[in-house]
Amino acid sequence: MRIRIVDAFTDRAFAGNPAGVLLLDAFPADERLQKIALEVNHAETAFAHRLPAGGDADWALRWFTPATEVAMCGHATLATAHVLHTTGAHEGPVRFATLSGVLIATPAQDGSITLDFPTAPLTPVEIPDGIAEALGAEPLTAFDTGPNIGDLVVELADEKTVVGLAPDHKSLAAHSTRGIIATARAEDPTRGYDFVSRCFFPNVGIDEDPVTGSAHTALAPYWSERLGSTVLTGLQASPRSGRVRTELRGDRTLLSGRAVTVIDGELLV
């Protein structure tokens, strides 16, 4: 099996969010997929194989963290589309059959790729007891993101608070299915981004995800309503950092970014 490591939502190596990408003839047993994802040990490893022509999708796509399969992953989808286009395995828009339905990735002439994902439904909820202590900061609001994402979005006081978080990951695990998205308005929008976020997913084996495409399907509607614009840019302020351009289109959200292949090798076992 050919295996590549791709940094997604960045235009330079060793930034953004790394993902493993394997293009297969067919999916092997789930146990083997999980073992490979654990060996790769990035937030997600994507497995894809070509589908017969004439159907609703061009490639089947699945995503695994080191601990479990997930229903949606933006950065590993971007990484897979990048590999397909840079290797010539697929030209033009690619339709992926996934657990979240058919997702489309469209390349642009400038090298960026735009993902068409379902918008996460946001439901306001009471701020859970104990989450302020687990995060190390007091949330202003809390929203559930629905079953596909399984996160709790919490808005914090300001950008500086989000950047400075040092949460208790074990305690955070009790407050959502996947994890917590902490966000705030950008302190200075002239820096090229409108809001900031950090994402903590202890329930799927990821203490902090560097740049999370799926989280931006919730952040896009959240900040579009508050900032009065359907087109925004989010900075995920993890140590690796990365930017995601979002465009809200009702029940769909477009996520745009770049990717860089940093490792290209072979799985020997």
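Select phenylalanine 9 to start. Phenylalanine 9 counts as buried because its relative accessibility is 3%; buried means under 20% relative accessible area, exposed over 50%, and partly exposed in between (1.4 Å probe, protein chains only). Phenylalanine 9 sits in the loop between β1 (2–8) and β2 (17–24). Helices (H or I, at least four residues) and strands (E, at least two) are DSSP runs, numbered from the N terminus. Look at the backbone here: phi of phenylalanine 9 is near 60 degrees, a positive value in a residue other than glycine.

Before moving on, know what you are viewing. This is a predicted model, where local features need pLDDT of at least 70, side-chain atom pairs count only at pLDDT 80 or more, and totals for chains, interfaces and linings use all residues. Residues are numbered from 1 along each chain as its sequence is written, and side-chain values use heavy atoms, with hydrogens and water left out.

**Stop 1**

Is phenylalanine 14 buried or exposed? Phenylalanine 14 is exposed, because its relative accessible area is 68%.

**Stop 2: the largest core**

Select Trp63, Leu78, Val94, Phe96, Ala105 and Leu115. These have the most contacts inside the largest nonpolar core, which has 47 residues. A nonpolar core is a set of buried Ala, Val, Leu, Ile, Met, Phe, Trp, Tyr and Cys residues joined through side-chain atoms within 4.5 Å. Helix α2 (residues 74–87) gives this core its largest share, six residues. Another core lies apart from it, with 19 residues, among them Ala134, Val162, Ala184 and Ala186.

Zoom in on leucine 115. Beyond its neighbours within four places in sequence, leucine 115 is in contact (heavy atoms within 4.5 Å) with residues including Gly74, Leu78, Ala105 and Leu254.

**Stop 3: helix α2**

Colour α2. How many of the 14 residues of α2 are buried? The count is 11 of the 14, so α2 is largely enclosed by the rest of the structure. Among the buried ones are Gly74, His75, Leu78 and His82. From first C-alpha to last, α2 reaches 20 Å, close to the 20 Å expected at 1.5 Å a residue; the expected span is 1.5 Å times one less than the number of residues. Step past the end of α2 to glycine 88, where phi is positive, near 80 degrees.

**Stop 4: salt bridges**

The structure holds 14 salt bridges. Each is a side-chain nitrogen of Lys or Arg within 4 Å of a carboxyl oxygen of Asp or Glu.

Show arginine 62 and aspartate 30, whose closest N and O atoms are 3.0 Å apart in a salt bridge. Arginine 62 lies in strand β4 (residues 59–64) and aspartate 30 in helix α1 (residues 30–40), so the pair ties together parts 32 residues apart in sequence. Arginine 62 counts as buried, at 17% relative accessibility. Aspartate 30 is partly exposed, at 43%.

Stay in helix α1 for glutamate 31 and lysine 35, which are separated by about one helical turn because they are four residues apart. They form a salt bridge too, at 3.6 Å between the closest N and O atoms. Glutamate 31 counts as exposed, at 55%, and so does lysine 35, at 54%.

Next, show arginine 198 and glutamate 208, which meet in a salt bridge of 2.8 Å, N to O. Arginine 198 is in strand β13 and glutamate 208 in strand β14 (residues 206–209), so the pair ties together parts 10 residues apart in sequence.

**Stop 5: glutamine 236**

Finish in strand β15 with glutamine 236. Glutamine 236 counts as buried because its relative accessibility is 0%. Valine 211 is 25 residues away in sequence, yet 5.7 Å away in space, C-alpha to C-alpha. Click serine 241, in the loop between β15 (231–236) and β16 (242–249). Its phi is positive, near 65 degrees.
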